[in-house]
There are 2 protein chains.
Amino acid sequence: MLLLKQNHAKIGQSLAGELADVESRFTQELASDLDCVNALINHIERYRGKMLRPMLVLVSGMASSPTARGLTDPHRVVATVAEMVHMATLVHDDVLDDAHVRRRSTTINYLRGNEAAVMLGDYLISHAYHLCSSLDQTRCCRTLADATNTVCEGELLQLDNRANLDLDEDTYFQIIGLKTASFCGTCCKLGAMINNAPAQTVNALYAYGEKLGLAYQIVDDILDITGTEDTVGKTLGRDLDKGKLTLPLIHTLATTNAQTRQTLLDLLNPTNNTDPPPDRADRVRDIILNADALDYANARAQQLIQQAQQTLLSLEDSPSRTLLQDMANAVLSRKF
Amino acid sequence: MLLLKQNHAKIGQSLAGELADVESRFTQELASDLDCVNALINHIERYRGKMLRPMLVLVSGMASSPTARGLTDPHRVVATVAEMVHMATLVHDDVLDDAHVRRRSTTINYLRGNEAAVMLGDYLISHAYHLCSSLDQTRCCRTLADATNTVCEGELLQLDNRANLDLDEDTYFQIIGLKTASFCGTCCKLGAMINNAPAQTVNALYAYGEKLGLAYQIVDDILDITGTEDTVGKTLGRDLDKGKLTLPLIHTLATTNAQTRQTLLDLLNPTNNTDPPPDRADRVRDIILNADALDYANARAQQLIQQAQQTLLSLEDSPSRTLLQDMANAVLSRKF
């Protein structure tokens, strides 16, 4: 799970138990009568990461009902669904990114081909909706599917802007808003919706999750530059190879001098990349580091985290609200 | 739509109107605020085919309530959902099959890359669930997701048996049962479920759809051999290139003499295929044609269609039951 600095004692222990429950539901729901399917599922269990999205569902559930009976079964169901959807996007993202390593494990597409990865992602999505529709009402399914519609739009907009060296910051924020932030917001929203929390609480938690999601994505961009393959656990420099523009790069292109900009454009120009220099990623990285673009990206992420924390103040004070505040800090300080 | 031999006069007209309604709901639901998404959606509208699955939902809806008010809005919703799910599987299948042509149009993966095809398929699946969850109850969502779970298992089992020259007929039927027949059965089942039809009717219609789906897939295998690219509208011989064993091929391998079998195995052996002879597909086709394997496959399809029609006899006689009988005949006689 996401590494928290503070010790949340009782609530932290209870959350750890709930996340273990999510893991076991996840495994149970995906089990198949077919050995070949189970082999793939066993493999992706290794991708299990920070479990940010189930945490957002569960802690939002706690924070939106601080004095009540706590979490209910639908919270656990939706938390598991959120992890399945996220896992599906990882598996399909790896096909899109042609990635070979994910969280220090070989990717399914590299190991078993794009075809198996496409179908495994579909299997995960299908099971997510199947599990979600075990709930009494369709409103969770509807909200979930609304969120996945948006995620797909974000992915398609990002693909459409591949190798678009003129990508501006607004479009960048539109892409990560659709692709990442909306789903984080929805996880928080669902946690509160299940409690029938008042609209103000639901909206505040959605806004919290959305801001946190934007910051999460910017930190991803930063780690692609500052991290090592060993700590981040995925192939670095793929963003570059796949023509995906990150915030530090966009900022550098927009603010650097004409000469450096031209050097960057030459390095990034896809028509020059039929045989890219082996040190291309290093050279781009050096230019970004010299342009202080990481400070800029860090400041943007920090600002978003402050905004996320600000929106929580409309909620009643409680240990779970403090936990949400600290989760936002952890998104900012994460090293992987 | 599926070409019917008989003139179904009034009911046929009404069905054509309902299918036009499905088309318009389909387009409306998929519209996006993003131009790049709409461009992809416009392209796949050209894939629109026989609309078998929406027809199964609608006519099963009519046949399971012959004397009642006819079709309701949930029937139209579920028929549209069925077409979206089917379209999603086509788009992802083309990635799996590396196909360049689909229904005489260039495929999305060939035109815009595998990445766009993967995401477009996800967008379609997501919108299918989103639309389905607009209904009051979760039971349609649950039944739909159960069916898509099964479709994915079938696709994964098929992938696992790629280039498995020992694939037996039982496993072949297991694959097409999971991949194709279960979804056709579910379309019929949903049509009846929405009417709150008695269990006997729901089960009979599921069995009808399942048998019809098996026959449909066998006819696909036959058309891959006897059809021309112009009539079938997709790249022929891809099944062979992708190591997908079809019923005529499985039957030929199981029944031909040792010498011919060895010739076939040499032609099919993937390790020999690094540089396959340009006439490989033609040579395999000739061997299959000489082995009378098409007669065998045709007989199996015919038998399944008879069984499908048999199950309908438990339903009250009505023009829509006759239409279902004729749809089964049309699956058998289709040329594309």
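Chain A folds into 15 helices and 2 strands. Please keep in mind that everything here describes a predicted model. Its overall scores are ipTM 0.91 and pTM 0.92. For chain A, the average pLDDT is 88, and 85% of the residues reach at least 70.

**The fold of chain A**

Chain A has 336 residues, and 49% of them count as buried. If you take the contacts in chain A between residues at least 6 apart in sequence, 76% of these join residues at least 24 apart.

One helix pair is worth a visit in your viewer. Helix H14 of chain A spans residues 293–311 and helix H15 of chain A spans residues 319–333; their axes come within 9 Å and cross at roughly 170°. How do H14(A) and H15(A) run, roughly parallel or roughly antiparallel to each other? Angles over 145 degrees count as roughly antiparallel, and therefore H14(A) and H15(A) are roughly antiparallel to each other.

On the H14(A) side, the residues that meet H15(A) are Ala301(A), Gln302(A), Ile305(A), Ala308(A) and Gln309(A). Their partners in H15(A) are Gln325(A), Ala328(A), Asn329(A), Val331(A) and Leu332(A). By class, this contact of H14(A) with H15(A) has 6 nonpolar and 4 polar residues, with no charged ones.

**Where chain A meets chain B**

The contact between the chains draws 38 residues from chain A and 38 residues from chain B. On the side of chain A that touches chain B, the elements giving two or more residues are helices H2, H4, H5 and H6 of chain A. The table lists where each of them lies.

| Helix of chain A | Residues |
|---|---|
| H2 | 35–44 |
| H4 | 73–97 |
| H5 | 108–132 |
| H6 | 139–160 |

Which helix gives the most to the side of chain A that touches chain B? That is H6(A), with 13 residues. Sorted by class, the side of chain A that touches chain B holds 18 nonpolar, 12 polar and 8 charged residues.

**How the two copies are related**

Two copies of a chain can be described by a rotation about an axis together with a shift along it. Here, chain A superposes on chain B through a rotation of 180° with 0.0 Å of shift along the axis, at an RMSD of 0.0 Å. That is the relation of a two-fold axis. To find the axis in chain A, look for Thr138(A): its C-alpha is the nearest one in that chain, 2.6 Å from the axis.

Conventions:
Residues numbered from 1 in each chain as written. Chains lettered and ligands numbered in written order. Predicted model: local features only at pLDDT ≥ 70, side-chain atom pairs only at ≥ 80, totals over all residues. Contact = placed C-beta atoms within 7 Å. Helix = DSSP H or I, 4+ residues; strand = E, 2+ residues; numbered from the N terminus. Nonpolar A, V, L, I, M, F, W, Y, C, P; charged D, E, K, R; others polar. Axes fitted to C-alpha atoms, helices over the stretch in contact; angles between N-to-C directions. Parallel < 35°, antiparallel > 145°, perpendicular 65-115°, else oblique. Buried ≥ 20, exposed ≤ 12 C-beta atoms within 10 Å, placed from the backbone. pLDDT = per-residue confidence, 0-100. Least-squares fit on C-alpha atoms with pLDDT ≥ 70 in both.
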